[in-house]
Amino acid sequence: MKSVSAEQLVKIYKKGNVKALDGLSLDVEEGTVLSVLGPNGAGKTTVVRILATLLSPDSGSATVAGIDVIKHPEKVREVIGLSGQYAAVDEILTGWDNLVMFGRLYHLSKSAAIKRAEELLERFSLTESARRPIKTYSGGMRRRLDLAASLIVQPKVLFLDEPTTGLDPRGRQEMWEVIEELVKGGVTLLLTTQYLDEADQLADDIVVIDHGRVIARGTSDALKKEIGGERLEVVVEQSQIARTMELVTRVSGAKATLDEGLRQISSPVTQGSSALIEVLRSLDEEGIHPLDIALKRPSLDDVFMSLTGHGAEEAVAAESGKKSKRGRS
Amino acid sequence: MKNAISDAMVITRRQLLLLFRVPEVLIFSTIQPVMFVLLFRYVFGGSITSGQPGGYVQFLMPGIFVQTVAFTLAGTASGLAEDMTKGLIDRYRSLPIARSALVFGKTLGDSALNIVVLFAMGLAGFIVGWRPDSGIMKITFAFLFLLAFGYSLSWIGIFVGLSAKDARVVQNISFLTTFPLTFLSNAFAPTTGMPRPLQYFAEWNPVSTVVAACRELFGLTNQFGATAGSFPSQHPLMMSLIYMVAIMAIFIPLSVRKYTSAGKS
């Protein structure tokens with residue numbers, strides 16, 4: 001059964017005349033995790049805002065838990081949880097204050113709201129900081145609290161808009177653990193991200209979007225296969241390039257390509273680590289000492305390169321500069 | 001409906017909680033008007049002849065009360081603009097609560113702050129010689145009247161806050177409009193000293209009518225200081241009520257609609 005379904009959504013922001021969504025369709029099966037993957041300005045946040053009833057589309061339709069988001073937004077709000085790009089909690093209030101207040105706004109009785117707040121603080125390892133104002137929290141703690149606030153009443157569908165953007169690696173790891181925990185509990189989750197590894201780690205299915213359109217969809221494995229999986233990259237002295245190209249081509253079984261400026265030879269490989277060993281061994285036998293050698297997993301850039309012919313960063317640059325560009329970690 | 005009210009109350013409680021968590025806000029919101037009381041009382045008090053028994057302070061206090069509640073507009077507006085930029089409003093809007101709950105809760109919370117501030121000012125006024133002598137009923141009514149004026153203005157604040165992008169800009173703009181409006185009135189000096197066109201403006205200025213109404217309620221003879229005998233100077237209480245009702249009739253629906261569609265364009 002489909003928990004979320006969007007059909008041909010179109011949204012044009014009048015300001016700057018940006019076509020944020022251009023006939024986007026997607027759906028999420030009940031109890032599964034869908035990741036919407038794309039660069040800044042691809043339309044990720046717009047999709048989430050429409051599904052969470054914060055925005056109405058110019059055309060198209062969408063249902064969440066079987067409820068029409070345009071006709072019955074108030075009913076949709078009863079069954080969803082939303083955690084956005086910003087930690088939307090009150091910085092001055094404590095974690096405890098925030099959760100109790102949101103509990104009250106979900107119409108829990110005072111004692112039930114307190115009980116629920118304490119449960120959630122415990123579950124998200126925030127009990128110790130419960131009585132401190134949010135402004136003293138780390139980025140990761142804020143996001144966890146924000147997530148907790150969206151889980152006060154067990155939502156049927158949870159929307160997480162870039163839950164780890166802007167977090168340091170540790171905060172990110174912690175957030176992933178929390179989300180994995182939720183996923184195990186069987187929540188239906190729609191998650192947006194600009195990181196392929198995040199989608200890979202957390203999602204059952206991935207849709208890749210660009211310029212407000214879906215450009216690819218499938219499981220993480222299927223997408224990777226399409227993109228070509230890992231690449232082996234070797235940098236050598238000018239005089240050794242030709243010989244190295246031959247070697248790499250032989251090992252990988254695919255034609256190696258050369259970036260002349262960087263003197264970098266690269267080729268897609270299937271069995272990454274064994275290919276790496278084999279190439280190193282052959283190079284050694286030939287007496288070639290690589291200046292650099294690495295096995296690269298496909299990045300979002302590679303996904304975009306291969307799907308659209310332009311890089312993710314270019315897509316950001318092409319966008320009207322509405323959002324500040326965030327670096328990828 | 002029952003939920004809408006209890007939701008609004010939760011938001012009001014949040015506003016009050018903010019005051020307890022950041023007592024600086026309360027302290028500075030109180031210090032500023034108290035400082036105005038002292039400055040005007042002792043700096044200008046000697047030179048402005050109000051013709052009032054008991055001196056300038058009797059004339060001044062209603063003016064400063066009104067000026068202070070008028071600043072509610074800026075406070076409400078910048079607070080809301082800040083919530084907007086932090087994404088808090090989106091969270092509220094994704095909750096299954098009445099659309100009016102947040103804005104009603106905010107305005108009520110800001111009125112609660114006004115109660116505290118007015119109390120502190122009244123006390124400061126009393127210390128420097130303010131003695132309203134109209135009896136407890138009328139004095140209480142005067143304070144309720146001031147609160148009502150502040151409440152109606154906070155609805156303009158809600159609308160401004162929802163319309164703007166940056167909290168500091170909102171703060172500055174609201175202050176820059178409210179401040180002259182409170183001076184282009186009879187709040188601190190009789191309007192008779194102003195050039196003719198300004199006098200007309202001051203007579204119709206809601207600040208003047210509320211000030212004049214309060215002066216009456218605090219037991220002064222109608223000290224409008226107007227020469228023209230215009231309708232607002234003759235009937236300040238009624239005119240003030242008309243203003244308040246008009247402000248709310250316009251800005252409550254506008255604000256609720258703006259809130260419902262916030263970020264939709």
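The model is predicted.

Start with chain A. The chain holds twelve helices and 14 strands. It has 329 residues, and buried residues make up 44% of them. Take the contacts in chain A between residues at least 6 apart in sequence: 67% of these join residues at least 24 apart.

One residue gives a way in. Ile12(A) sits in strand S1 of chain A, which runs over residues 2–13. Is Ile12(A) buried, exposed or partly exposed? It has 16 C-beta neighbours inside 10 Å, so Ile12(A) counts as partly exposed. Leaving aside residues up to four places away in sequence, Ile12(A) touches Asn17(A), Val18(A), Lys19(A), Ala20(A) and Asp58(A). Now look from Ile12(A) to Leu280(A). These two are 268 residues apart in sequence. Their C-alpha atoms are 52 Å apart in space.

Next comes helix H6 of chain A, residues 169–184. Its 16 residues should span 22 Å at 1.5 Å a residue. The end C-alpha atoms are 22 Å apart, which agrees. The buried residues of H6(A) are Arg172(A), Glu174(A), Met175(A) and Ile179(A). Why do they count as lying on the same side of H6(A)? Because they cover an arc of only 165 degrees around the axis. These buried residues pack against two helices of chain A, H5 (139–149) and H7 (196–202). The face turned away from the buried side carries exposed residues: Pro169(A), Arg170(A), Glu177(A), Glu181(A) and Lys184(A). Just after the helix, Gly186(A) takes a positive phi of about 90 degrees.

Ala275(A), Val279(A) and Leu283(A) are its buried residues. Seen down the axis, they fall within an arc of 65 degrees, so they line one face of H10(A). That buried set packs against strand S11 (231–235) and helix H9 (241–252) of chain A. Turned away from the buried side is a face with the exposed residues Ser273(A), Ser274(A), Ile277(A), Arg281(A), Asp284(A) and Glu285(A). Just after H10(A), Gly287(A) takes a positive phi of about 75 degrees.

Move to chain B. Here helix H4 (residues 72–85) packs with helix H7 (residues 136–163) at an angle of about 35 degrees. The axes are 7 Å apart. The crossing of H4(B) and H7(B) is right-handed. Residues of H4(B) in this contact include Leu73(B), Ala77(B), Leu80(B) and Met84(B). Among those they meet in H7(B) are Gly150(B), Leu153(B), Ile156(B) and Val160(B). Which classes make up the contact of H4(B) with H7(B)? It has eleven nonpolar, nine polar and no charged residues.

Last, the two chains together. In the contact between them, 21 residues of chain B meet 25 residues of chain A. Two elements of chain B give two or more residues each to its side: helix H1 (2–21) and helix H5 (88–93). H1(B) gives the most, with seven residues. By class, the side of chain B that touches chain A has eight nonpolar, five polar and eight charged residues.

Terms used. Residues numbered from 1 in each chain as written. Chains lettered and ligands numbered in written order. Predicted model: local features only at pLDDT ≥ 70, side-chain atom pairs only at ≥ 80, totals over all residues. Contact = placed C-beta atoms within 7 Å. Helix = DSSP H or I, 4+ residues; strand = E, 2+ residues; numbered from the N terminus. Nonpolar A, V, L, I, M, F, W, Y, C, P; charged D, E, K, R; others polar. Axes fitted to C-alpha atoms, helices over the stretch in contact; angles between N-to-C directions. Left-handed = near helix turned anticlockwise from the far one by under 90°. Expected span 1.5 Å × (residues − 1). Buried ≥ 20, exposed ≤ 12 C-beta atoms within 10 Å, placed from the backbone. Arc of directions from axis to C-beta.
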